[in-house]
Amino acid sequence: SDTKRLVDMVASAMRGGARIIQYRNKQAAKDLSFEQAHKLRQLTRAFGSILIVNDDPGLALEIGADGVHLGKEDFADQTERVRIGSIQQQAGAAGNTTFMIGVSCYNDLTRAERATAAGASYIAFGSVFPSRTKPGAVQANTAILREAKRKFSLPVVAIGGITAENAPELIAAGVDAIAVVSSLF
């Protein structure tokens, strides 16, 4: 099944050193999303790793994930402060006081400033390279990554088109983490 294949691939990535996993499946029906995220939660617990759910705070809280990653669309009717505060309140009510909230900042330092002020746990920039996963994505460069590291105390994550060949450039720019999809899957 798709879920078994996904779990097997993620287990391989974790055996290879991945310590933070993000569940992201925008096409899956609600039942399948729950099944896959739940299985990944069990797997990441067994490995002592972190599970972040993309775009769905309700699913993240329901399966006991370690956090949620929010994009531009996730703030449609609210400011970052209201949305992040609401999610933090829900997590606290569920007994998870260490629930992480990451925010995609694309190539926008002002967005990163708002996310930081709102209580985000980390900020992500990208696509730093052309990406098969997000072919039309906004481009962010290493200068933005360096500026974000200088300006903000939060961890900075680089996203988009990252490979073993170009990752050293991002590490040299000072990022705290890199997100990889196509190079692994």
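An open sheet of 7 strands, in the order 1-2-3-4-5-6-7 and with parallel pairing, runs through this predicted model. Strands (E, at least two residues) and helices (H or I, at least four) are DSSP runs numbered from the N terminus, and two strands pair if DSSP finds at least two bridges between them. At the edges sit strand 1 (20–23) and strand 7 (177–179), each of which pairs on one side only. From one strand to the next, the twist averages 25 degrees. Strand 1 pairs with strand 2 (residues 50–54) in the parallel sense over 4 bridges, and Tyr23 has Val53 in strand 2 as its bridge partner. Residues are numbered from 1 along each chain as its sequence is written. Because the model is predicted, local features need pLDDT of at least 70 and side-chain atom pairs count only at pLDDT 80 or more, while totals for chains, interfaces and linings use all residues; side-chain values use heavy atoms, leaving out hydrogens and water.

Attention now turns to helix 2. After helix 2 comes Gly48, whose phi is positive, near 70 degrees. Which residues of helix 2 are buried? They are Ser33, Gln36, Ala37, Leu40, Arg41, Leu43 and Thr44, where buried means under 20% relative accessible area, exposed over 50% and partly exposed in between (1.4 Å probe, protein chains only). These buried residues pack against helix 1 (2–15), strand 1, strand 2 and helix 3 (57–63), with contact meaning heavy atoms within 4.5 Å.

One of the buried residues, Arg41, lies in helix 2 and has a relative accessible area of 4%. Not counting residues up to four places away in sequence, Arg41 touches Ser49, Leu51, Ile63, Gly64, Ala65 and Asp66.

Helix 2 also gives the most to the lining of the second largest pocket, with 4 residues. On a 1 Å grid over the protein atoms alone, a pocket is an open set of points where a 1.4 Å probe fits, with protein on both sides within 12 Å along at least five of seven lines, and lining residues have an atom within 4 Å of a point. About 270 Å³ of space lies in this second largest pocket. It is lined by 16 residues, and the closest to its centre are Tyr23, Asn25, Ser33, Asp56 and Leu59.

Notes
Axes fitted to C-alpha atoms, helices over the stretch in contact; angles between N-to-C directions. Points joined across faces, edges and corners; volume = space filled by probe spheres on them.
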